[in-house]
Amino acid sequence: MRKLLIAGLTALVITFSTGCAQLPHDGQVIVGPNIEAGLETDYLYYSPSGPELDASQESILQGFINAGTGPQNDYSVAREYLTEELAARWKPNNQVLVEASRPKITMISSNRASVLVPLVATVDERGLYEVARPGAAELLNFTFVKEAGQWRIAEAPDLTMVIRPVFDVIFEAYSIYFYDNQSKYLVPDVRWFPSRVSTSTRLISALLNGPSKWLANTVNSAIPQGTTLNLNTVAIAEGVAAVDLSRKALTATAFQKKLLQAQITKSLMQLPSVYSVQVSIERGLLDTYNLSNEFSRVLTPVAMFKDDLVHMDSGNQTPIPGAKLALKNLGATEFGLNAEESLAAFTTEQGIYLANLTKPGDEPKLLSTRTDFLAPVIDKQGNTWLVSNNGGSTLVFDAAGTRLNFDARWLQAQKVLSFSISDEGSRIAAIVDEGKNTKLLVSAIVRLDSGWPRYLDLPIAPNAATKLFSVDWLDETHLGLLEKQDTNFVQPWVTLVGGATASLPTISNAETIVGAGQSSTIYALDIFGSMHLYRGNTWIRVADAIVALH
């Protein structure tokens with residue numbers, strides 16, 4: 001199923017938001033092997049050429065830059081442009097510069113040059129992707145010497161640089177997985193690596209090195225700190241990935257050993273060549289752990305009609321038990337629903353109500369009489385979130401409707417236009433109004449061991465669009481966004497948290513974007529109450545008379 005999902009996601013046609021760019025300036029482009037068949041050797045999508053005889057300094061530098069398209073054999077072609085001494089110590093995996101346009105080479109003297117690189121993004125040695133600010137550029141310095149009568153680069157930064165379209169071919173986004181503070185739910189942390197034989201090793205090495213800074217306070221790892229890979233490699237043979245951990249992992253409890261298997265297995269199962277994972281410690285194979293509950297579920301959108309909540313699944317409409325009675329006489333205009341469909345929160349003219357759908361005879365509980373809240377959200381842990389749309393208030397309630405002591409921090413003073421909480425409950429995405437522009441912010445939700453949210457950590461800003469007004473988690477790593485245009489058409493975006501942004505075809509009068517557990521399945525509700533499904537690079541109207549959709 002996982003491999004079929006990869007193929008399905010590949011079929012999604014989207015247009016990247018970056019401007020026009022050029023393909024490699026030199027070097028032969030050849031077709032690589034079928035990656036889905038598995039990697040036995042480093043694949044060759046691009047096969048850059050080595051230095052020509054008696055090449056000039058500028059030609060050597062240009063060839064070295066172009067050789068960044070060839071990560072095979074640890075960038076062996078790029079090393080041919082370096083002196084023997086530099087080739088031995090050069091570290092190309094320390095950083096990747098994703099170019100916005102062709103770098104500008106300036107020869108300062110016969111043995112010195114600078115390169116100005118306009119940036120789209122950067123990727124560091126841990127595989128962490130960072131979007132560059134508009135107009136950003138980096139100035140790099142190089143020196144040359146003659147070695148055996150030929151010009152070679154004697155000093156160069158520890159990095160490679162590639163134009164955006166080439167980056168999209170060579171590099172892939174992968175998630176490494178950590179547990180939330182309850183050790184119940186896996187949380188993804190996106191990293192970027194070249195698709196090579198060594199990708200499995202880099203994935204597990206990144207996992208052993210810990211989470212990204214912005215997630216550090218809300219996740220933990222069952223792998224004991226200081227654990228390393230024996231032999232520094234993850235071997236893959238006939239679809240089986242073998243991970244042998246060092247002696248430090250023996251300090252893990254029996255329960256932690258189950259959890260670490262889940263972390264490692266889900267991280268490696270993204271690779272098309274991996275169909276199963278064996279985890280051992282000092283060559284002692286761990287007992288197999290059933291991971292059936294560790295993988296994301298596929299959802300269907302829920303629509304609120306005038307008097308009921310209904311699952312909307314491929315044309316079928318299935319009412320949610322207890323919702324019709326709970327909605328009776330409320331006159332609700334918005335709603336929130338928990339994953340188990342046992343709790344629902346409703347926005348009415350009188351305020352926000354919380355209903356227990358398993359007890360349809362009970363009266364819904366009034367949480368707040370205020371009417372300035374956005375649509376309520378009920379997270380995985382059963383907590384109801386109310387966020388004001390005019391700034392200054394975020395309230396959180398437990399499953400019984402008791403208000404919790406929660407510190408919204410950066411969100412508290414913001415005018416919020418839309419917000420969404422990830423399926424496992426560890427991350428919040430919010431669109432805030434900054435006056436002339438809007439900004440998408442994503443933050444970790446730091447929780448107590450009980451699952452109650454305690455505070456929001458410092459946010460990151462993964463998207464540069466400036467007129468956003470609706471956000472929803474499409475799957476565990478992608479956000480769906482809507483941005484206003486000068487006409488009645490709305491621009492939808494798909495943003496990878498920890499990666500790039502892609503555009504979808506515009507849609508008329510959309511007001512809400514809704515995910516369903518897969519980034520290839522996206523819904524939108526327009527101002528007339530019509531529900532639209534994104535399919536085949538177009539939007540299809542599939543239902544009408546809907547009050548709200550989530």
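This is a predicted model: local features need pLDDT of at least 70, side-chain atom pairs count only at pLDDT 80 or more; totals for chains, interfaces and linings use all residues.
How many of the 11 residues of α6 are buried? The count is 8, and the helix is mostly covered.

## Helix α6 and its cover

Helix α6 spans residues 199-209. Its buried residues begin with a run from Thr199 through Ser200, Thr201, Arg202 and Leu203 to Ile204. Ala206 and Leu207 are buried as well.

After α6 comes glycine 210, with a positive phi near 100 degrees.

## Packing of α6 on α7

Two packed helices are described by the angle between their axes and the distance between the axes. Here α6 packs with α7 (residues 254-268) at about 145 degrees. The axes lie 10 Å apart. The crossing of α6 past α7 is right-handed.

On the α6 side, Ser200, Leu203, Ile204 and Leu207 make the contact. An α-helix has 3.6 residues a turn, so residues three or four places apart point the same way. By class, the contact has 5 nonpolar residues, 3 polar ones and no charged ones.

In soluble globular proteins, nonpolar side chains tend to be buried together. The largest nonpolar core in this model has 49 residues. Those with the most contacts inside this core are Val243, Leu245, Leu260, Ile264, Leu268, Val277 and Leu440.

What does valine 277 touch, leaving aside its neighbours within four places in sequence? Its contacts are Ala241, Val243, Ile264, Thr265, Leu268 and Met269. Another core, of 46 residues, lies apart from the largest one. Its members include Val77, Leu140, Ala156 and Ile163.

## Aromatic pairs

The model has 9 aromatic pairs. One of them joins phenylalanine 64 and phenylalanine 142 in an edge-to-face arrangement. Their ring centres are 6.1 Å apart, with 70 degrees between the planes. This pair links distant parts of the chain, 78 residues apart. Phenylalanine 64 sits in helix α2 (residues 57-66), and phenylalanine 142 in strand β8 (residues 137-147).

Are phenylalanine 64 and phenylalanine 142 buried or exposed? Both are buried. Phe64 and Phe142 also belong to one aromatic cluster with Tyr75 and Trp90.

Note on methods:
Residues are numbered from 1 along each chain as its sequence is written. Side-chain values use heavy atoms; hydrogens and water are left out. Axes are lines fitted to C-alpha atoms, for helices over the stretch in contact, and angles run from 0 to 180 degrees between N-to-C directions. Helices (H or I, at least four residues) and strands (E, at least two) are DSSP runs, numbered from the N terminus. A crossing is left-handed if the near helix is turned anticlockwise from the far one by less than a right angle, and right-handed if clockwise. Contact means heavy atoms within 4.5 Å. Ala, Val, Leu, Ile, Met, Phe, Trp, Tyr, Cys and Pro count as nonpolar, Asp, Glu, Lys and Arg as charged, and the others, Gly among them, as polar. A nonpolar core is a set of buried Ala, Val, Leu, Ile, Met, Phe, Trp, Tyr and Cys residues joined through side-chain atoms within 4.5 Å. Buried means under 20% relative accessible area, exposed over 50%, partly exposed in between (1.4 Å probe, protein chains only). Rings of Phe, Tyr and Trp (its six-membered ring) pair if their centres lie within 6.5 Å; planes under 30 degrees apart count as stacked, over 60 as edge-to-face and the rest as tilted.
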